[in-house]
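Welcome! Please take a look at the sequence and the model below, and then we will walk through them together.

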Amino acid sequence: MTNRTVQLQLGFGAFIAAIFLIFFAIPEWVASPSNVRNIILSPLFWPYTLAGFTALVGLGLIVAGLSGSNDPTPLNEPSADAPIALLRLLGMAAIMAGTMILLPRLGMVWTCMLAFAASAFLVRTRHPVAALICAVVVPLALYAFFAHVAGVAIPQGNIVRLP
Amino acid sequence: MSFVDSLLAGLALVGNVESFLALFGGVVIGVIGGAIPGMSATMAVALTLPFTFAMQPITGILLLLGVYKGGIFGGSIPAILIKTPGTPASSATILDGYPMAEKGEAGRALGMALWASCTADLISNLALIVFAGWLASFALNFGPPEFFTLILFSLTIIAGVSGDSLLRGALSALLGLLLATIGLDLVYGTNRFTFGDPNMMGGLNFIAVLIGLFAIPEVLAMAWHPTAHLGKTRSIGNKWVTFADYRRSFRSIVRGSMIGVFLGSIPGIGAAPAAFLSYSEARRRSKNKANFGKGEIEGVAASEAGNNGVAGATLIPLLALGVPGDVITAIIIGAFMIHGLQPGPMMFVLNVDIIYGLFMGLIVSSFFLFFVGSAAIRGFKYVADVPKRLLIPAVLVLCIYGVFAVNNNIFDVGVMFVMGWVGYLMMRFHIPAAPFLIAFILGPLLEDNFRQSMLMSGSDWMVLFRGPITWFFWSVTLITVVAIARAGVKSVRDHTASRGKKA
């Protein structure tokens, strides 16, 4: 992606998002009392103003993209193994989704142990044994601090409960 | 309360082992965090924040300030030894620091970086002590229209200078402002984008948003490119900095510190531009102009003085006006809020003991930085050897614990993950994250002051131009927009012209 492509993508994205906000999201999801006499004091005014400015900035980005130089230099460093890198990103998304699902069921400590080990292996750690040891020790140490020093009620889950 | 009373009240608050240990520990964490490439001072402060919840307010804030100070210096170590700035503020240090390391003078460059950092830090802290109280007493005259124009000016300058283009910065700030509208309306208490979920009625948790924006993208970047951090570490060498070197660079250090103080006290500019400006001024005025960029020790001194000169000065707008000067102070404002403190002019009236306690702690932090920095220079090898692919999963786990601990709410962990992806996309599309976060923090204040202004004037817009202070802020906002837009157009023209010549 060149600078120009990014500029245009951002411009169109911002403009479409602003239109969505103005014509659908704000009327649908922002409630306003019927007795507000002055639009400036209405809860709708600020979101509409911001959406309007977003549309203007979007148009500005489109104009800047169209009138700017067409420099072919890519904006980000190209990755040698882009499809595999994308798979790793999806893997990280799966780890995050799994964390959210498991947190209330397994508890924070066990879920974090799994998340640590999974992410360390996902990024192809060169120290697998150390990764496994850290996967156990780090969540336990954090549990000890937050539960026993800071007094935070860390979720324990339904399987194995810690003191 | 007289000055001596305030001083004694501050001393009573920080005059204990716990506070000094927190400050010292903070400097150690900051130097290590800043020295690990890809970690940055910002991330170190964000990850330390959850550990302050259980502390006394002053102890927690001193810990974070220690991390901040240590992190800015720590960034210079990998900049000099492996040509990778540990924190963006250290980018200018590479220009002369790395060539010195190539010549076997890394120890000399690092020593000068430390001496310049400590001197600049001390000057910056003194500037904070002198100017913050004065500015706060002036800001006591501010009403809602003045605060509205001040915040608007701050957001404009943050949006303008944070990234490559004003428009992308403005888009980032607008997205932050839009995100800040989530929750109950400030005046009528009606729902805005809450989707009927009680978790969203109080708005999105600030800590979840900031950790999501600044820590999780690094985890995702590591997933995208796991070996990006690998680099060759240069040896420190046998040459060490001498007092003669320091004396020769002293003018540049003081000038750089002043530049740092001036730019740092303007909300939004931050340490990196200060470092580059200080460097270019030192080069312009130096007798060894030709040696700059090839390993000139004065260049290292100037850039480090520039970025550390900012560290105390960014606290001037934070403490005196309640407006964070950069991303790190935006995180530190979170620590104030969590402990029920609201930075701003009223803090100099209601919590003067905390203010003076912080001042004393900051002065001591410069001396701690000197000792910790000296040890860190020699111990960098061990920090550089920490496997990044173990560190990043640990960061992920720490983020989960830290964000959960704010409200004991799993929903906040979800918010952090979502914001992490938003931050990662912003990184890929080169949208600066700083305006987003600062707009998210200042958004409710901006709207509140706007609506209060309208309420007090019966919706007369002229209240926003009611006196010299509002006129001043409108003028500087306009000047900022024009200057940044002109600079953007000029850079596009220059770029096009240079490409035309090449073709």
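How much area do chain A and chain B bury between them? They bury about 6300 Å², with 77% of it on carbon and sulfur atoms; buried area is the accessible area (1.4 Å probe) that two parts lose on being put together, summed over both. Of the area that chain A buries against chain B, 12% comes from Leu41(A), Trp46(A) and Met96(A), more than from any other three residues.

This is a predicted model, in which local features need pLDDT of at least 70 and side-chain atom pairs count only at pLDDT 80 or more, while totals for chains, interfaces and linings use all residues. Residues are numbered from 1 along each chain as its sequence is written.

The contact (heavy atoms within 4.5 Å) takes 75 residues from chain A and 63 residues from chain B.

Now for chain A by itself. Chain A has five helices and zero strands, where helices (H or I, at least four residues) and strands (E, at least two) are DSSP runs, numbered from the N terminus.

| Helix of chain A | Residues |
|---|---|
| H1 | 3–29 |
| H2 | 45–67 |
| H3 | 82–106 |
| H4 | 108–122 |
| H5 | 128–149 |

Each of these helices supplies at least two residues of the side of chain A that touches chain B, and H3(A) gives the most, with 12 residues. The C-alpha atoms of chain A fill a box of roughly 55 × 55 × 25 Å, taken along the principal axes.

Methods: Chains lettered and ligands numbered in written order. Heavy atoms only, no water.
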